[in-house]
Amino acid sequence: MPGRRWWLLIVLIETLVFCAIGYHLNGGRPSIPWALAGLACGGLTVLVIIRAQESRKNQESRQG
């Protein structure tokens, strides 16, 4: 799983993907709602990764 140094990059890439989708769906003009959705999706993805890493670390400490 990606470490902390990749979290900002994950958010940025997801935001850019959503911005590109919104741009094409909005007739070639920037779409703020799609950009905000990308930020939210990126943030949620990072939170899920953090939770998964914490869960994995806790399982390893219980077994070891």
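User: What do the numbering and the values rest on?

Analyst: Residues are numbered from 1 along each chain as its sequence is written, and side-chain values use heavy atoms, without hydrogens and water. In this predicted model local features need pLDDT of at least 70 and side-chain atom pairs count only at pLDDT 80 or more, while totals for chains, interfaces and linings use all residues.

User: Why is Leu-12 called partly exposed?

Analyst: Buried means under 20% relative accessible area, exposed over 50%, and partly exposed in between (1.4 Å probe, protein chains only). Leu-12 has 46%, so Leu-12 is partly exposed.

User: What makes Phe-18 and Trp-34 a tilted pair?

Analyst: A pair of aromatic rings is described by the distance of the centres and the angle of the planes. Rings of Phe, Tyr and Trp (its six-membered ring) pair if their centres lie within 6.5 Å; planes under 30 degrees apart count as stacked, over 60 as edge-to-face and the rest as tilted. The centres of the Phe-18 and Trp-34 rings are 6.0 Å apart and the planes are at 45 degrees, so the pair is tilted.

User: How do you know that this pair ties together parts apart in sequence?

Analyst: Phe-18 lies in helix 1 and Trp-34 in helix 2, so the pair joins parts 16 residues apart in sequence. Helices are DSSP runs (H or I, at least four residues), numbered from the N terminus.

User: Why does Trp-34 count as partly exposed?

Analyst: The relative accessibility of Trp-34 is 32%, so Trp-34 counts as partly exposed. Phe-18, at 21%, also counts as partly exposed.

Conventions. Helices (H or I, at least four residues) and strands (E, at least two) are DSSP runs, numbered from the N terminus.
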